[in-house]
Amino acid sequence: MSAQEDNTEVEVEIVPDQEVPDLLPVMPLKNFVLFPQMVAPLVITTDESKKLITDLSTKTPHFITALQRKEELDEANLTKDDIYKVGCVARLIKTLNFPDGSTHVLVEGLSRCELADLNTDEEYPTAHYQMVEDKDEDTLESTALARNASEKFQQLIAMSPNLPDELSVAMFNMESPAQLADLIATNLPIPIDVRQNLLADNSPSHRLKSLMEFLNREYQILKLGNKIESKVHETFSKTQREIFLREQLKTIQDELGQDDPQANEILELEKKLEEAKLPQEAREAADKELQRLKSVPTASPEHGVIRTYLDVMAELPWSKSTDDQLDILAAQKILDKDHYGLEKVKDRILEYLSVLKLKKDMKGPILCLAGPPGVGKTSLGKSVARALGREFARMSLGGMHDEAEIRGHRRTYIGAMPGRIIESLRRCGTNNPVIMLDEIDKIGKDFRGDPASALLEVLDPEQNSTFQDHYLDVQFDLSKVLFITTANVLDTIPGPLRDRMEIIRISGYTLQEKTAIARRYLVPKAIREHGLKRGQAKFDKKALEGIISGYTAEAGVRNLERQVANVCRKIARGFAEGKTRPVEVTPRKLKGFLGPVKIEKDVAENAAMPGVVTGLAWTPYGGDILFIEATCMPGKGGLILTGSLGDVMKESARASLSYLRANASTFKIDPALFAKSDIHIHVPAGATPKDGPSAGVAISLAILSILTDSPIRPDLAMTGEISLRGRVLPIGGLKEKVLAASRAGIRHIMLPEKNKIDLDEIPADVKKKLTFKTVKNIDQALRYALKLSDDGAK
């Protein structure tokens with residue numbers, strides 16, 4: 001006993017018994033499947049299995065191995081449903097008891113079997129069984145499958161270090177495809193559920209077909225792994241050879257008294273760093289890396305990383321600035337020449353120049369130009385840089401997900417780069433450029449970080465003087481940079497980031513502004529880009545107005561530019577075909593150039609009908625009008641809402657209906673009408689999602705119009721939200737909505753009283769075409785709309 005406790009083994013030989021009883025003990029296995037003709041070691045850890053092995057030592061050596069369905073279940077708690085029905089009859093060959101209490105056994109699989117009457121209530125499971133014989137498939141297909149599987153497995157044995165060469169000998173002694181399939185399944189790395197399916201399958205051909213897929217997959221994996229290993233070895237050998245040759249070259253150069261290229265390279269870097277006039281912190285970091293570079297072999301990958309870092313440090317404009325052009329009148333002329341309108345933005349830039357003229361060390365403001373596409377936000381950045389006499393850089397933030405694009409990558413791997421802010425400064429060559437951050441409202445966010453949060457430091461004048469890029473790992477002063485950002489919508493910009501920027505809203509252009517932009521910029525540009533001369537094409541002012549009103553419906557001028565280009569292409573084709581007479585584009589010729597009118601010119605020409613009201617909406621692409629339709633039908637007092645309405649508009653509709661029901665007598669509506677009718681509200685087009693807190697007045701008027709059979713003038717548009725107490729609440733985006741109404745031919749606009757102050761932003765030429773009515777409550781709004789419609793009908 002003492003010898004056994006002193007870390008020695010006890011070996012017990014089991015004499016095999018040829019007779020297999022009808023009732024055998026069952027050993028549940030976790031994550032292992034025993035196949036016939038397979039000899040495998042098993043480690044016994046549970047008390048139940050140890051008891052089973054002890055009984056086998058004194059009784060029959062035969063037992064059944066079967067796979068557990070769930071590996072995490074304890075053997076003591078297994079039921080008959082927790083064990084697969086197909087297992088393998090096995091014979092115990094050898095038992096080894098170790099001093100640590102574990103038992104190792106060597107077993108041999110004999111035959112497939114199907115368990116019956118499984119009993120799990122004893123010390124260990126027992127079961128009656130029925131031997132499962134393999135099908136006799138002596139066909140050409142089975143022979144071909146066996147030959148292909150054998151050849152492929154031989155290839156795997158030769159390629160894989162994990163498969164012993166003895167398996168090749170074992171394969172030559174296989175007597176049947178069934179034995180071959182079991183041998184391959186035993187030694188091939190395949191999932192446990194597939195192993196169990198192979199054990200349960202008594203068709204050798206079917207098993208070989210299943211195994212061919214895994215044989216081919218394992219062959220491709222081993223082939224690719226060997227290819228990678230060969231490349232790595234080849235690269236390593238090449239690197240070692242280069243290091244050896246470089247050392248030899250260095251020795252030869254020393255003997256000949258020639259200069260060392262690496263020493264010249266370091267001297268050149270030192271000179272560039274000296275000329276860059278780095279701050280103290282940056283200079284210390286550069287000197288430290290320079291000393292490392294001297295000790296690193298040029299063939300080492302680390303040498304390239306350090307060299308690139310020092311190049312970036314030397315090329316950054318640490319102390320290089322451009323002198324600002326502080327002539328205010330000259331700057332105003334440049335801005336007026338490049339852009340028509342946009343007075344607010346121009347005034348803000350000129351104010352900045354004025355203060356900069358008086359205070360040289362002023363920190364750059366962070367401006368955000370918010371407005372629909374095509375109004376000149378991005379191109380304005382170049383004009384600002386030209387007016388200031390500064391370098392200009394633009395970077396798009398749309399779709400950016402990686403925080404490292406702002407802060408840079410840490411120098412922990414080959415290929416690390418500085419962030420795009422530092423890279424823009426490096427390209428500009430000055431530390432006070434104008435940097436345009438385009439599409440700041442379209443920044444993404446995922447597992448790689450939040451770029452919007454990284455921009456908080458960049459766009460904060462109180463923090464960006466100590467901005468630290470991860471690649472540089474030293475501070476860089478961004479306070480002299482003039483950052484200008486652009487956005488279509490502000491809602492998607494995080495609050496803290498929006499708070500750091502000075503928002504300047506740019507609404508759409510009026511008809512007169514678009515005409516002036518077309519004549520001053522778009523037409524000359526289109527004529528020049530299409531190979532025409534100035535006298536060969538001429539656009540009449542009325543023709544430009546016809547293009548704007550009949551073929552475009554936008555806040556900006558991008559589509560207008562496309563339509564002008566369409567006309568120029570057709571004119572260019574005529575000259576290319578031999579025409580010589582100049583072409584004057586007039587309103588009568590537009591149909592020939594651009595086809596039929598695509599935009600309805602005047603909604604006021606529509607016939608008035610009950611239940612149809614014109615509303616005003618704001619979109620990221622400018623203002624727009626929308627028609628709200630209501631109808632009434634026999635029902636049970638229900639409210640039907642269609643047209644892809646959002647939750648806010650649905651709530652507005654319910655609030656409108658509730659207010660009208662509560663005040664039915666005021667508007668001379670029979671209260672019983674609500675109980676016996678269903679009201680349907682629809683906002684075309686149905687496929688376009690719509691939402692926002694400004695449709696309450698329009699929906700209320702549409703319901704009132706259909707219930708009282710009172711048509712509403714189609715040239716009356718309205719905006720405003722309502723409360724259950726009848727108050728008309730203020731809305732946003734009034735300028736965009738009014739411009740959209742003007743484009744659509746609206747003559748009268750009704751808006752909340754509290755938005756009266758916003759009318760100062762409306763261009764004077766637009767105000768002349770429209771009449772405005774401000775209302776405080778819904779009663780006032782409904783009565784005005786009905787009275788105006790009655791006056792129009794008369």
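Which residues is Ser111 in contact with, leaving aside its neighbours within four places in sequence? In this predicted model, the partners of Ser111 are Pro36, Gly87, Cys88, Val89, Met131 and Val132. Ser111 itself lies in strand β6, which covers residues 103–119. Its relative accessible area is 15%. The cut-off for buried is under 20%, so Ser111 is buried. Ser111 and Val474 are 363 residues apart in sequence, and their C-alpha atoms are 72 Å apart in space.

Next come two helix pairs. Two packed helices are described by the angle between their axes and the distance between the axes. Take α9 (residues 280–295) and α10 (residues 301–315). Their axes come within 10 Å and cross at roughly 150 degrees. An angle over 145 degrees counts as roughly antiparallel, and α9 and α10 are therefore roughly antiparallel to each other. The crossing of α9 past α10 is left-handed. On the α9 side, the residues that meet α10 are Ala282, Ala285, Ala286, Glu289, Leu290, Arg292 and Leu293. Facing them, α10 supplies Glu302, His303, Ile306, Arg307, Tyr309, Leu310 and Met313. An α-helix has 3.6 residues a turn, so residues three or four places apart point the same way.

The second pair is α19 (residues 541–551) and α20 (residues 558–576). Here the axes are 10 Å apart and the packing angle is about 120 degrees. That makes α19 oblique to α20. The crossing of α19 and α20 is right-handed. In α19, Ile547, Ile548 and Tyr551 make the contacts; in α20, Asn559, Leu560 and Gln563 receive them.

Now the sheet. Five strands form an open sheet in the order β9-β10-β13-β8-β14, and the pairing is parallel. The edges are β9 (392–396) and β14 (502–505), each of which pairs on one side only. From one strand to the next, the twist averages 20 degrees. Look inside the sheet at β8 (residues 366–370) and β13 (residues 482–487). Five bridges join these parallel strands. Helix α13 (residues 377–388) lies across β8, β9, β10 (434–438) and β13. Its direction is about 175 degrees to β10.

Where does Asn464 sit? Asn464 is in the loop between α16 (451–458) and β11 (467–468). Is Asn464 buried or exposed? At 2% relative accessibility, Asn464 counts as buried. Not counting residues up to four places away in sequence, Asn464 touches Glu457, Val458, Phe476, Asp477, Leu478, Ser479 and Phe483.

Finally, turn to strands β24 (residues 748–752) and β25 (residues 771–775). They run parallel and are joined by five bridges. His748 has Thr771 as its bridge partner in β25. Between the strands, the chain crosses through helix α26 (residues 764–769). This β-α-β crossover is right-handed.

Terms used:
Residues are numbered from 1 along each chain as its sequence is written. This is a predicted model: local features need pLDDT of at least 70, side-chain atom pairs count only at pLDDT 80 or more; totals for chains, interfaces and linings use all residues. Side-chain values use heavy atoms; hydrogens and water are left out. Two strands pair if DSSP finds at least two bridges between them. Helices (H or I, at least four residues) and strands (E, at least two) are DSSP runs, numbered from the N terminus. A crossover is right-handed if, with the strands pointing away from the viewer, the path from the first strand over the helix to the second runs clockwise. Axes are lines fitted to C-alpha atoms, for helices over the stretch in contact, and angles run from 0 to 180 degrees between N-to-C directions. Angles under 35 degrees count as roughly parallel, over 145 as roughly antiparallel, 65 to 115 as roughly perpendicular and the rest as oblique. A crossing is left-handed if the near helix is turned anticlockwise from the far one by less than a right angle, and right-handed if clockwise. Contact means heavy atoms within 4.5 Å. Buried means under 20% relative accessible area, exposed over 50%, partly exposed in between (1.4 Å probe, protein chains only).
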